[in-house]
Amino acid sequence: MPRRFNIAGPCRPDWHYMIPAERRLPEAPGLVEQLGYFMVRAPRQTGKTTALRALAEQLTASSRYAALYFSCEVGEAAGDDFGEAQRAILANLRLGAGHFLPPELQPPPFPEAPDSLLLGTALSAWASVCPRPLVLFLDEIDALRGQSLISVLRQLRSGFPNRPHAFPASVVLCGLRDVRDYKAASGGDADRLGTASPFNIKLASLRLGDFDAEEVAELYRQHTADTGQVFTEPAMARAFELTAGQPWLVNALAREVIEELRVPVGEPITGEHVESAKERLIYTRVTHLDSLVARLHEPRIRRVLEPVLAGTLTSGDSYQDDVQYARDLGLLAPDNPVRIANPIYREVIARVLAGDAELQVQAEPRSFVLPDGRLDFDRLLREFAAFWREHGEVLTAGLSYHEVAPQLVLMAFLHRVVNGGGFVDREYGVGRGRIDLLVRWPYTEAGQRRWQRQAMELKVWRDGEKDPLAKGLAQLDEYLERLSLDTGVLVIFDRRREAGDADSRTRFEQAQAPSGRKVTVLRA
């Protein structure tokens, strides 16, 4: 069977192209050596299960440990019935041990015990008779909730001093979030996560990272080695730029190119192929992307994402914890400045949040294409202004992310007009009160494919602030310089109470940026 790029379930080296699993968690073996109880966290679809299963197999194969990976997700349906949750987990543990451990390392019959001690009693009995120290990887630990989660964590903490002869030598909790968030999942206050956790014995908290640029290239070159089909350097660079190395996205882009776009094996894969694959992924909103956007209306996520999208600063008692939560889910990049994790997520989030407004846009995209194939951007601006005068107030009132609602309405209009023919790239200027957009439209001239590019900057004028025109012109000037463009568009949404209605305040002006570049200003 030929190997493929995997987007569903754990990777197998004989079935899938993959980065060697042992390289993903290099610190883990040393922590096991220290008889450590520790945490491994990673967003979904980052290769966590693949890495953990491989590590468990390697530890067992070393003849030094009896290591087992199993999932606690089976206990989720039990809710607060902690006895039933533990029985499901122990049944899954025994099933996994039967598959992956030799008979002499498998657990004995578990003794009878009260519901509150089922897990601890079973693990103690197993560790006491196992000829090797036990190492357990409890995946999806954060699928448990309430009393079930509390019971499991407290039993692990209670047995910890008895390791390695009467309790597992090393226990690894694996999930989306850091263990400090488990207090909230077990019934604590989500806004006060700095207080004591029911699991305070962890030695470390490891985060499974994304691929770097060289690992993306290494993965794609495995396909070249197997088939002879080359990913060009621009294609690999664009894939890394679009995904920031998120493993599922890296694999999904390549799979889309090969299995959906069906680029012939004799043809090299280019940056344009990768771009087309990106659009298809966003348009079809496959399961992984849908699972992310389902989080957008959670209060903790909205408190973080709304100022990121609006380009404003925020703070508060829970802000740092909310940022970490969004990072653990994979929505935000793992380092500062606070920003959405990658361009594909940026695009998906914007399209989802602007989706209700886009349904109201009746513009016919083909009517904006000039006879020479270029996009009639002047008409696009005029028609958006007319649309805003008629519908802007109603649409912004209906969007849940109020702080960034006007910008989302404009993006919805652009999505309707540009989608299917061109692309909209976006940057959010956190703390700079701006959103930068680049509309890219392909056309053909003298038999050559060329790109029409139009840069826009979006700003909001709020109560108590001065007119952002001068600052916006300076910021747009920097953006145009970076893009090597001579003209641009500055859109200022006037949200002051004294600004009047949309019909009276929406107008066009002409201005010059500090460098002398010509700028069309739309006040709305």
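Helices here are DSSP runs of H or I with at least four residues, numbered from the N terminus. The model shown in every view is predicted.

Figure 1. Helix 7 covers residues 213–227. Does its length agree or disagree with its residue count? At 1.5 Å a residue, its 15 residues should span 21 Å, and the end C-alpha atoms lie 22 Å apart, so the two agree. At the start of the helix, Asp212 contributes a side-chain oxygen, which comes within 3.2 Å of the backbone nitrogen of Glu214. Just after the helix comes Gly228, with a positive phi of about 85 degrees.

**Figure 2. The buried residues of helix 7.** Which residues of helix 7 are buried? They are Glu215, Val216, Ala217, Leu219, Tyr220, Gln222 and His223. Their cover includes helix 8 (233–243) and helix 9 (247–260).

**Figure 3. Thr46 in its loop.** Thr46 sits between strand 1 (37–41) and helix 2 (48–61), in the loop that joins them. Is Thr46 buried or exposed? Its relative accessible area is 2%, so Thr46 counts as buried. A polar atom of the Thr46 side chain lies 2.8 Å from the backbone oxygen of Pro43. Leaving aside residues up to four places away in sequence, Thr46 touches Arg24, Leu208, Asp210, Gln246 and Pro247.

Figure 4. Side chains of opposite charge can pair when their charged atoms come close. Arg238 makes a salt bridge with Glu241, with N to O at 2.9 Å. Both residues belong to helix 8, and because they are 3 residues apart, about one helical turn separates them. An α-helix has 3.6 residues a turn, so residues three or four places apart point the same way. Glu241 is partly exposed, at 47% relative accessibility. Arg238 is buried, at a relative accessible area of 16%. Arg238 also forms a salt bridge with Glu275, again listed at 2.9 Å, N to O. Glu275 lies in helix 10 (residues 271–284) and Arg238 in helix 8, so this pair ties together parts that are 37 residues apart in sequence. Glu275 and Arg238 are both buried.

Figure 5. What separates the closest N and O atoms of Arg517 and Asp477? The distance is 2.8 Å, and the two residues form a salt bridge. Arg517 is in the loop between strand 10 (507–512) and strand 11 (518–523), while Asp477 is in helix 18 (residues 469–483); the pair links distant parts of the chain, 40 residues apart. Arg517 is buried, with a relative accessible area of 14%. Asp477 is buried too, at 9% relative accessibility. Elsewhere, salt bridges that share partners join one network of Arg238, Glu241, Glu275, Lys278, Glu279, Glu347, Arg351, Asp425, Arg426 and Arg440. The whole structure holds 48 salt bridges.

Figure 6. Phe384 touches Val409, Leu410, Phe413, Phe493 and Leu522, setting aside residues up to four places away in sequence.

Terms used: Residues are numbered from 1 along each chain as its sequence is written. This is a predicted model: local features need pLDDT of at least 70, side-chain atom pairs count only at pLDDT 80 or more; totals for chains, interfaces and linings use all residues. Side-chain values use heavy atoms; hydrogens and water are left out. Helices (H or I, at least four residues) and strands (E, at least two) are DSSP runs, numbered from the N terminus. Buried means under 20% relative accessible area, exposed over 50%, partly exposed in between (1.4 Å probe, protein chains only). A polar contact is a pair of N or O atoms within 3.5 Å; within protein, one must be able to donate a hydrogen and the other to accept it, and residues adjacent in sequence count only if both atoms are side-chain atoms. Contact means heavy atoms within 4.5 Å. The expected span of a helix is 1.5 Å times one less than its number of residues. A salt bridge is a side-chain nitrogen of Lys or Arg within 4 Å of a carboxyl oxygen of Asp or Glu.
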